[in-house]
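Please open the structure in the viewer and keep the selection panel at hand. The tour below moves from one selection to the next.

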Amino acid sequence: MAAAAPAIEIPAPRDSTAARVLRFIARAPIHLVLVALGALWLIPTFGLFITSILPASASASSGWWQIFSHPSRATWSNYDTLFHNSGLITALKTTAYIAVGNTLIIVVIGALAGYALAWLDFPGRDWIFVGVVALLVVPLQMALIPMFKLYDTFGLFDSIIGIILFHVAFGLPFAIFLLRNFFVGLPKDILESARIDGASEIVIFLRLILPLGLPAIASLAIFQFLWTWNDLIVALTFGQNTQPITVWIFGQLREFGTSIDVIAPASFISLVVPLAVFFAFQRYFVQGLLAGSVK
Amino acid sequence: MTRTRIAIVAAVAVATALLVAGLAGARTSAPTRAHQNLAVSGSISFDGIWTAAEATAFGKVIAAFNKVYPNVKVKYKPVGNNVPTVLATAIAGGHPPDMADIAQPGLIKQLAQQGHLKPITYANATLAKNFAPAWQKLGQVNGKQYAIVFKAANKSTYWYNVPAFKAAGVKAPKTWAQLQSAAKVLKSSGTPAYSLCGASGWTLTDLFENIYLRTFGPAKYDQLSEHKIKWTDPSVATALKTMGQIVGDTGNLAGGTSGSLQTDFPTCVTNAFSTPPKGAIVFEADFVGGAITSATKSKPGTGFNAAVFPAIKPGPNAGAVEIGGDLLVTFRDTPAIEAFVKFLATAPAAEAWAKIGGFGTGNKNVPASIYPDPITKATEAPLGTAKSVVFDMSDEQPASFGSTTGQGEWGIFQKFLQTPKDVSGIQKQLEASAAAAYKKGK
Amino acid sequence: MAAPPPSAEPGGWRRYLTGAFFLAPAMFLLVVWLVYPTIYTVVRSFFGQQGYLGTWVGIDNYRHLFTTSTLTTAIKNNAIWVAVVPALVTAFGLLFAVLTERVRWAVAFKTVVFLPMAISAFATGVTWRIMYQQDPNLGAVNALAKTVKGVFSPAGVLPSALPSTSNVVPANGGLILRTPLHPGGVVVIGLTAIAPDQVPKSAVQAVEPAAKAGDIEGIVWRDFKPGGGKPGVVEKGELGLPGVTVQLHDSAGKVVQSAKTKPDGTFDFAKVPAGTYKAGVGAQTFAKPFGGYSWLGPSLITPALLIAYIWIWAGFAMVVIGAGLASMPRDVLEAARTDGATELQVFRRVTVPLLAPVLSVVFITMIINVLKVFDIVLALAPESTQSNANVIALAMWRTAFGGQNDFGTGSAIAVFLFLLVIPVLALNIRRFRREV
């Protein structure tokens, strides 16, 4: 990797209006493309939202675009019904414990492991890494039975910590894969100089790796949070009274009728939180974190 | 607790039960004035299919139970269609729930033979008091009682669009011949007669089973169900040809053949009862009513109505009833569980749910007046009085033949919908699939 | 970028210890939750169906796998998934990540693309199932197709009508009355299978036309009254069909006159020269409206699933690659630019190679996700096409948990999946290693 350029400050030219307009026009194709793609991407989600504010009979008789010709059909009653159910709040709380808990744990464990596999030397390191990535293949379903028996033996059944550990374990292959590959791309000289200065690995990890690796850690946090937020099968199998929101929604579906008037609003209520997490963390994808950062 | 005390409590409990049962036969709802039994305590974990409104309704049953046994806590976990997964995992993992609600007698037979279920012979007396022998038999494996059919669905019904029938000038058909002529007139009137739910294979098997039952009677039905006669038997060919009069009438199917294959249950129901309707008749069980009211604006009586599945051959078979239902089983045996099981066999348990609607029971002590509306009464009351009742055949089969998506009966009947003329080919496929499933013992 | 090779410097044993300490928690979790179940699964695949272990059956389960058709469709489908999805998802992600770098409202766009990831797989499956419905009235995709098609081939007024008597027969997409006509004759064409709401609002009671010398009179009406009525006879309660174009064919088959029916269904061919004629209704009256593509049918179900899946996962690729872009050292790019490279060259020669580790994470993760794909197929494909859309993970699920509870065969399928992935994995890791 190239050494950092000497820090000579060249003052940027003053932005004239003409220059700004020219730049905007030059970028116009990009804007257009993005707007078109964005609109296309939004349609299904928009459709789901409209469905959530239509009564079930309206959704069954005609497509959601009927909202444009018959706006009076819109109603908040689907949301009302959901919110008046006290189970929703409890379910949201349980989901928060599980999602936040396992995300925090996996970030720590994954970053430690990722750093070790990226920058610490020991024999067999690369093989361990390949083995961890290979574990990405293990499908969740096959672990259900052996883990059920194990949980039962150790009394972890129907406990939040049991569900959390399951999620952490299954998220680790991806977490380690992502963070290790990311850390490997960090500038070697920074680490070398820190080591030469006599810093211990823990200090390097805390003071250098974590801050520099923030974008990757942020994206890992986003995904792990939202995958565990939306998980159904683990909570269903390993919980009895512990009911996160996915299990709770599942318990609201009718056996012999359409349940779109439950699924649609519940999906929107449920997606607010992962979306908020996304907003909170994506500002860590800041440019130029590494510019001129040789100590 | 001293022996005398136990005896007194037991006597009071029995007397109260008799009193309640007697009153239930004479009045609408019998409030449980039983003396509370505080001695039995414990908790019961219960994994069940019922969700949403049905779970709430079962909560009322539990509440009625707690009036008599306030110290027993029943923890109901709604699992919906994931019951097989959750149950299979739990059993294999060594920690099944105390009780479960299973819709397939075939699965119950398997579990009993593997020794996972506990017999409920302690409830035999209560069962005998409340259910006809045909109903008790449904919950037995090799003569031993393992399950109660708690909630039953009358599958020998069909539902029709009232305005469409009126516009076409047809009456709800009572016989097969009437059905055929009504279907012709409906087609001319511009509304296809049949709204089939081809994407849900189980609805096609239900149609076949009703036809077979009404043509050949419960005895032969049971023989086919136990694989004592093969699917290549000529009786099966006759039933398939009769069924072909419906599924092969492509101009009369909502959406045609390909549309029917992609329409699942309950979409076929909404198709038949929205405005304008895409079809006029839905062949399915009593739970269609709930599906209609949850997704359409159609009203009972003026918009939709139910009728008994048409008779095919006159005689005793004309009125036979096929049911689907929920059987309750136990994985453990504790005083709390025994109390709950016995309670569930009594009329108050059934009435607690029946009066809300969407519930049918074979309990002969539940009066027809408990049902909340005329349509429910018409479809559920026959259950209590039915002397000959058979269970949904596909639910009695080994799961890989009778209740697996895209395979076995479900998949092959979908093929039949595509090629209704190939009766012998379909028969061969059914027999091959059944033989494989029975051989593997699953 | 290859990590530095292990070195044998003094104090190296300290590094080993630290390495072990850093790795320990992860290794513990991985071994207990992933390695142990894997070993259990491999062992279990040699045993029978039920229970925690069951009875030994040797390689029976594997034999069963390859002799039944359950897996062949699944393997073929997974191959399609692997070939299409990871490449497209990574490409979309890269495109979006790069484009949004230059735009100030990047956050809004990123949110829109990310949204599908935040919705549960089950809800997404339901949403797309509704969008793909064949009925253009209900399914968004077919509604769009219908609008486009409707411009070119508009639907007829009576798409489902059928003749009520046997002397009216189909001809060239329309209908023709077989009885030959002469001037002064009367044409009677009754139609059924017309829903009440399809009858034009201006329709009134049908009237039997009276013969008129020199003309040919006729009627086209809805030959149905409650109960059926008498076919071919105009009865009270039966409505005429206005607006239908009737054509008069001469003996050579050429259309010599056409007329439109009035509200009571009658029409009139005026001043017809002597000869033999036949009357009929044109094909455009019966043009069927676009019925919708069968997205959920056997042939299109896998492409339909692929589209929905890419819609979900492009956001994942975009976010991860965006993170990689964000922490790229700007100085290298600047150096390349000042050296005179164009944007495209900078992109190809500098950006992409620097992004290689991140790109490989996305690509490889997608390959593995796609080999394991399960819940979207379960939620989106209707029952009747589940077997056409079958994938290996779903087949495993069905076998192990779908009612037959055959854990032995289910485990065998899982082992087969492991074996399938290893070479794919090895190939791709090596490929990305080489590019760096």
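This is a predicted model: local features need pLDDT of at least 70, side-chain atom pairs count only at pLDDT 80 or more; totals for chains, interfaces and linings use all residues.

**Chain A: two domains**

Where they meet, 8 residues of domain 1 of chain A are in contact with 7 residues of domain 2 of chain A. Next, on the domain 1 side of this contact, highlight helix 1 (17-52) and helix 2 (56-61) of chain A, the elements that each give two or more residues to it. Helix 1 of chain A gives the most, with 4 residues. Colouring this side of domain 1 of chain A by class shows 5 nonpolar, 3 polar and no charged residues.

**Chain B: a sheet**

Move to chain B and display its open sheet of 3 strands, which has the order 8-7-9 and antiparallel pairing. Strand 8 (281-282) and strand 9 (304-308) of chain B are the edge strands, each pairing on one side only. Now select strand 7 of chain B, residues 157-161, which pairs with strand 8 of chain B in the antiparallel sense over 2 bridges. Which residue in strand 8 of chain B is the bridge partner of B:Y160? The partner to select is B:I281.

**Chain C: confidence**

Finally, colour chain C by pLDDT: its mean is 84, and 94% of its residues reach 70 or more.

Notes. Residues are numbered from 1 along each chain as its sequence is written. Chains are lettered from A and ligands numbered from 1 in the order in which they are written. pLDDT is the predictor's confidence in each residue, from 0 to 100. Two strands pair if DSSP finds at least two bridges between them. Ala, Val, Leu, Ile, Met, Phe, Trp, Tyr, Cys and Pro count as nonpolar, Asp, Glu, Lys and Arg as charged, and the others, Gly among them, as polar.
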